[in-house]
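The sequence and coordinates come before the discussion.

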Amino acid sequence: MNRYFLYLVILNMLINVIIFIPKILIEYRYKGAVMGVLIAIPIGIGMNYLYSHALNKFPGQGLPEILAHSKYRWLVNLHLGSIQIMWFSAGLITLLGFTDILSRFVNPEMPKLFLITIYLAAIFLIIQLPTKRVMYFLEIVLYLNTPLIGFIIYKTLTSEFLSWDSILEVGTHLFEKPSLKAMAAATYSFSGFTNLIIFNRVIKERLKIWNFIIILFLGIFNLFTTFFIPIGFHGSDGAQEYLYPWISTSDSLRLVYSPIERVLYIFLMFYMSISLMSISIHWHVALELLKGTFKEKENKKKNWMILAAFTCCAFAGVLFLNTVLLNKITAYWMILLLGVEVITVTIFFLWARRRTA
Amino acid sequence: MKEIVRSMEMPSNKVLSIKEDLKEKIMQSEDAVFKELHTKEKYIEALYIKTISDETVIQDYVVKPFFEITTAERFLDYLQSHPKVKPFENEEQTLEELIRGVAILFYQDFIFIFDSKVDRNNSVLDTTVETTIQGPQSGLSESLPTNLGLIRHRYPETTLKVESTTIGAISKTKVMILHDEKLVDQDVLRRVKEFLASVDIQMFQTGEQLLDLIKKSNRALFPVMLVTERPDRVAVNLAAGKVVLLVSGSSFAVVLPTVMKDFMASMEDIYQTYWVSIFLQVLRYVGFVTSLILPGLYVAVTSYNPELFRFQLALSIAGSRTAVPYPSFVEVVIMLFMMELLTEASIRLPKAIGPTATTVGGLILGQAATEAGLVSNIMIIIVSAVAISNFVVPINAFSFSVRIVKYIILALATCFGLVGVVLGFFMFLAYMVKLDSFGQPFLTLVQTKSSKE
């Protein structure tokens, strides 16, 4: 199912608004973000292609199944372990970020711990589904939300308050030395492919080349919207003032004839489901990898223990991290993620070539 | 010489003992009949229960020929070649058949089972539950052979396979499993048969009971089988490769496996033009979502995020709520409860009083409640919208489930506001994706079966 691959990548592109990417990019807008984004595109596409190409040699299998018969058990565990920590923390950052957004914009009086419980309930319901069902659900959520995304983007691009001059002004800083942080943040848009580690189970045929062409164009468009539209709305200097540039951007839009006048609410309702899905996908991968690490049979008790550990991490995150700290951590985490991705992709690509050669 | 022939015709000891056995087991009922007929050359004995056997059939096919055919051998030939006559197999099975209305004939050294079952309730009923404006108007009957005939009539394919089994320790209800051998998914068929074999129940009266039985095994909130009264729906589903169960004595057929799409489909979709049926489908889904989230959304918007709506609308909602002395969720719960009572009452009430109850309840109560300041005007609108849109769902069993889910979403909205509504809705979707009906996922976006991978 070729389209499933596309869904995974698109989901990551959508979620980057929550996971501080616009903020990081805008911070470095005069200091190499533009070049960073431009470099990130070929890197992202390249990794997409190499990794899915390598995994494609094992149709219908996830990484734990592929590596199940390896002799170097500790190496496999290290490999799976590092990915699963990265992926769990990806979900965690999204969860914490979005809880923060919700408590700022929707339910300011509600304690964050309370907000996060309902999220965890929904997430745990989804991550325990079989991989195939998670995919079906993702498909439904994306199709329900696509019209909304299209509508909001259309509204922003046609808005009279979008200042193209500001965008061009930032564009003139093209030839600055690229910033690593900005580049790492921009590659996150493409890193949905890593979900294939588990979701390759549902992809039984060869990925066609048009997938990567679509990803290329979507990625360029996505990075453009994430980065430049807030600048266009708030000005090249003003954009930096906001903690969540895109959410403030959506709040500057107004639907004159709709009963819901502020686009912010439509935007947030749409992101409630998208972030739910993104966290669930990441944590589903983490959960399945954890199950794959322990070779024993699945049992309910262990499952509950893993979920309890997830819950504890989420609660601890809510209690100890504030927005600014989370933002800073995320910027460094992005670099780490890029490193892990590059290493994983290279190792796996070479291994798969040797294996099947 | 004549003595020898006589002795050959006399029943053997084995047959005699079977006869005595059967008589002993059955004769204590008032309606059991044991009849002997004699002519000069031959005699025959018949054992049957007159309340469930058709005596005119016995009269026409056994008694009359018995007196018309003179020689003993000719009559034996007649019996052996008659289509309604089956040879004896074993005592247990014979007894089983006897209490279902066959007549047991003892002739010479033979025992015959003569099918004289009376087929009551074989009149075809009009559809009352799944009505359509156009298309066939008649439903199934309460008789199994008639139903099978109706379906065969609509589905003239040699690949249509009919198997039968019995369910129920006491009722021993005959259940027929129909499927198209060419189209059916063998895995599904196997699961259905396993499920039927695992059903442990005493009295099995109708296919709807299966819904409950499967629930006890996995506590599904939603029905995963479709119960229908329309032979045309059965035929369409057979052509889609589904398995159909017909239950003796019930005018409803059970279609397995069923997914969300089937519950949202009315037979009318086929009988309308393309755009009309698309419009109706969209209408149904919108109604479905409305009845699910509207009460929750009301609570979330009035109590948590009044700034969601543009301020004129927010003000008019708040204005209509000024007289209401309690929080919005109490208001919603009261009105929904009233509505549920009304719905229940109008189902149970005799047809003659039904409209009165709805008028009194719906119009007068609603009007009075707003004037007394107990609920807001907008609340009345919402409750009626929820009630009406709930009935847009064409299959009753499914719309009942939806009625329950809206309370869950309402509860989440009360606790978490807007987040509760949105996440509640998606949790509900995830739950439906999780459900499966005999191996088929209950809800997927593309619900056609993917090509065999």
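Which residue in S4(B) does Ile44(B) stand opposite? Ile44(B) faces Tyr107(B) in that strand.

## Basis of the model

This is a predicted model, in which local features need pLDDT of at least 70, side-chain atom pairs count only at pLDDT 80 or more, and totals for chains, interfaces and linings use all residues. Residues are numbered from 1 along each chain as its sequence is written, while chains are lettered from A and ligands numbered from 1 in the order in which they are written.

## Strand pairing in chain B

Strands (DSSP runs of E, at least two residues, numbered from the N terminus) pair if DSSP finds at least two bridges between them. Strand S1 (residues 32-38) of chain B and strand S2 (residues 43-49) of chain B run antiparallel and are joined by seven bridges. The two form a hairpin, with four residues between S1(B) and S2(B). Within this pairing, Leu37(B) has Ile44(B) of S2(B) as its bridge partner.

S2(B) is also joined to strand S4 (residues 103-107) of chain B, by four bridges and again in antiparallel fashion.

Chain A contains 15 helices (DSSP runs of H or I, at least four residues) and zero strands. Its radius of gyration, taken over C-alpha atoms, is 20 Å, close to the 21 Å that the globule rule (2.2 Å times the number of residues to the power 0.38) gives for 357 residues, so chain A is as compact as a globular protein of that length. The C-alpha trace of chain A spans about 60 × 45 × 35 Å along its principal axes.

Of the 357 residues, 49% count as buried, meaning that 20 or more other C-beta atoms, placed from the backbone, lie within 10 Å of the residue's own. Contacts are pairs of residues whose C-beta atoms, placed from the backbone, lie within 7 Å. Among those in chain A between residues at least 6 apart in sequence, 87% join residues at least 24 apart.

## Contact between the chains

Chain A gives 26 residues to the contact and chain B gives 24. On the chain B side, helix H17 (396-416) and helix H18 (418-434) are the elements with two or more residues. H18(B) gives the most, with 11 residues. By type, the chain B side holds 17 nonpolar, four polar and three charged residues; Ala, Val, Leu, Ile, Met, Phe, Trp, Tyr, Cys and Pro count as nonpolar, Asp, Glu, Lys and Arg as charged, and the others, Gly among them, as polar.

## Confidence in chain A

The average pLDDT (the predictor's confidence in each residue, from 0 to 100) of chain A is 86, and 98% of the residues score at least 70. Confidence in chain A is lowest in helix H4 (residues 63-66), at a mean of 80, and highest in helix H6 (residues 112-127), at 90.

Methods: Buried ≥ 20, exposed ≤ 12 C-beta atoms within 10 Å, placed from the backbone. Contact = placed C-beta atoms within 7 Å.
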